[in-house]
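Keep the sequence and the 3D view open while reading.

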Amino acid sequence: MMNAHMKRREFFKTSTLAGTGLALGAGGLATRAFAEVDGKPAILGGKPVVTQGFPSWPVYDETEEKALLSTLHSGHWFRGSGANVGRFEDAYSKLTGAKHCLATSCGTSALFTALGALDVGPGDEVIIPPYTFVATYNAVVLNYALPIFADSDLETFQIDPKKIGAAVTPQTRAIVPVHLGGSVADLDSILAIGEKQKVPVVEDACQAHLAEWKGRKVGTWGRAGCFSFQASKNLNSGEGGALLTNDDDFASVCYNFHNQGRARQSTGYSFAYSGSRGSNLRLSEFQAGILLAQMTRLEAQARQRSSNAEYLTSILKDIEGIMPAKMYANCTRNAYHLYMFRFLKDRFDGLERGKFLQALQKEGVPCSSGYEPLNKDKYVQALTQSRHYRKLYTEAELKHWTERNSCPQNDQLCSQAVWLTQNMLLGPRSSMDQIADAIRRIRKNAPEIARG
Ligand SMILES: Cc1ncc(COP(=O)(O)O)c(C=O)c1O
């Protein structure tokens, strides 16, 4: 960010540097040819394996600056008067092959719009995975419907279609699988359940830009597909979102919903009542301008991530106790928003995952344990005490909801998962070797690290 004292020229210089995607840490750009797998672990006082850091995020240069300045000077800052949002919608639908794209203020509002347009409301059930960001859940409870958790598939980290089938009831109004981490949920099985039960599928593709199932982009398979352009995402405008659909009527209901229930032809203060509920969930012209600029790098970055992630998997899978998330055979492209694996502590001499993560961080590898079980979260559990839910659902219905709310596979997944973020896959291949070397070093010294 430009601070008050930073001159414009300095701002450009800094931005251009950031545009290279390189994080220039205290260690500079020096690269090491050989990682010291045999050396002392950094957590026990040794030198970290990773020397050059990882690329920072976001990546930007003059393209974004020009986009922002031209919107600023145009004076057209919202979609009602500017052209950027429409241009972005055209570009994103062309890129994904979707018939319609509706830009929204964020991924949550894209989901909220999709469920609102499906008329999800009190008394309805919506099936979601427990292994997801809380937004998937919030989009359901904002409509006062019941979120029903279908357990995870331990191997792929995705929602288990068998558990979806078992969770469907006459109250089910939508199924919302999440393409978690940029990989793809088992769409064939999920769409077949939806078709058989006559329940629409809304893809939460908030983490899966450019991911594909059988060669076709995710977000174009269900009634709707929802994307997020929040700051951490592979396509980023700070905040932002989009909804894709191939259904003309549904597209216009979604448009009206995101525009205060007003139809496209409404002008000025006339309402042009569309018959839909609504809110203001519109994307701004500034955000659309940034997205168009970011899209110029999207494909190249995606290829770089895939190439590094595939290489990383090829070397990690030989380390006992490290289980990279598998992909379904029909996932023909993984967006790798996250690189995810399971850590099996019994193959690391009983080393606790928390200690493993600390040791890996000390070796210079940023990592985390990912999601906690959402279905068990206090926030979610509090649903049965909600004043509104107690008005809308009987005691017996809420009790039954609690009884259904068990996801043992997901509990195990949450206790074993390790995540690396997408920006780490934008560096050189040598960084992938260093990640693997750091893990090997920890494994070799697991008993000492456990004691330390
Ligand atoms: C799976 C999933 N769904 C929904 C969202 C919500 O997107 P946003 O933050 O743009 O509202 C996110 C964002 O992190 C997400 O990861």
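Leu 115 is in contact with Val 120, Val 126, Ala 139, Val 140, Asn 143, Ala 174 and Val 202, leaving aside neighbours within four places in sequence. Two residues are in contact if their C-beta atoms, placed from the backbone, lie within 7 Å. The model is predicted: local features need pLDDT of at least 70, side-chain atom pairs count only at pLDDT 80 or more, and totals for chains, interfaces and linings use all residues. Numbering starts from 1 along each chain as its sequence is written.

Leu 115 also stands out in the largest nonpolar core, which has 115 residues. Ala 114, Leu 115, Val 126 and Cys 226 touch the most other members. At least three residues of this core come from each of domain 1 (8-58 + 298-370 + 414-451) and domain 2 (62-292). A nonpolar core is a set of buried Ala, Val, Leu, Ile, Met, Phe, Trp, Tyr and Cys residues joined through C-beta atoms within 7 Å. Buried means 20 or more other C-beta atoms within 10 Å of a residue's own; exposed means 12 or fewer; partly exposed lies in between; C-beta atoms are placed from the backbone. Buried residues make up 46% of the 452 residues in the protein.

Now the overall fold. The protein has 16 helices and 13 strands. These are DSSP runs numbered from the N terminus: helices are H or I with at least four residues, strands are E with at least two. The radius of gyration is 23 Å, close to the 22 Å that the globule rule gives for 452 residues, so the protein is as compact as a globular protein of that length. That radius is taken over C-alpha atoms, and the rule is 2.2 Å times the number of residues to the power 0.38. Along its principal axes the C-alpha trace spans about 70 × 60 × 40 Å.

The domain bounds come from an automatic or database domain assignment. The centres of domain 1 and domain 2, taken over C-alpha atoms, are 30 Å apart. Across the boundary, 20 residues of domain 1 are in contact with 24 residues of domain 2. On the domain 1 side, helix 9, strand 11 (331-333) and strand 12 (338-343) each give two or more residues.

Helix 9 (residues 285-316) also packs on helix 3 (residues 84-96): their axes come within 8 Å and cross at roughly 35°. Axes are lines fitted to C-alpha atoms over the stretch in contact, with angles from 0 to 180 degrees between N-to-C directions. Helix 3 contributes Asn 84, Val 85, Arg 87, Phe 88 and Ala 91; the helix 9 side includes Glu 285, Ala 288 and Met 295.

Which residues of helix 8 (residues 248-258) are buried? They are Ala 251, Val 253, Cys 254, Tyr 255, Asn 256, Phe 257 and His 258. Their cover includes strand 1 (100-104), helix 4 (107-117) and strand 9 (241-245). Gln 260 follows helix 8 and has a positive phi, near 60°.

| Residue | Phi | Loop |
|---|---|---|
| Lys 198 | about 60° | between helix 7 (187-197) and strand 5 (202-204) |
| Lys 214 | about 50° | between strand 6 (212-213) and strand 7 (216-217) |

Lys 198 is exposed, with 7 other C-beta atoms within 10 Å. Lys 214 is exposed, with 12.

One backbone detail remains. Trp 57 and Pro 58 are joined by a cis peptide bond, with omega about 5°. Pro 58 lies in the loop between helix 1 (8-19) and helix 2 (62-74).
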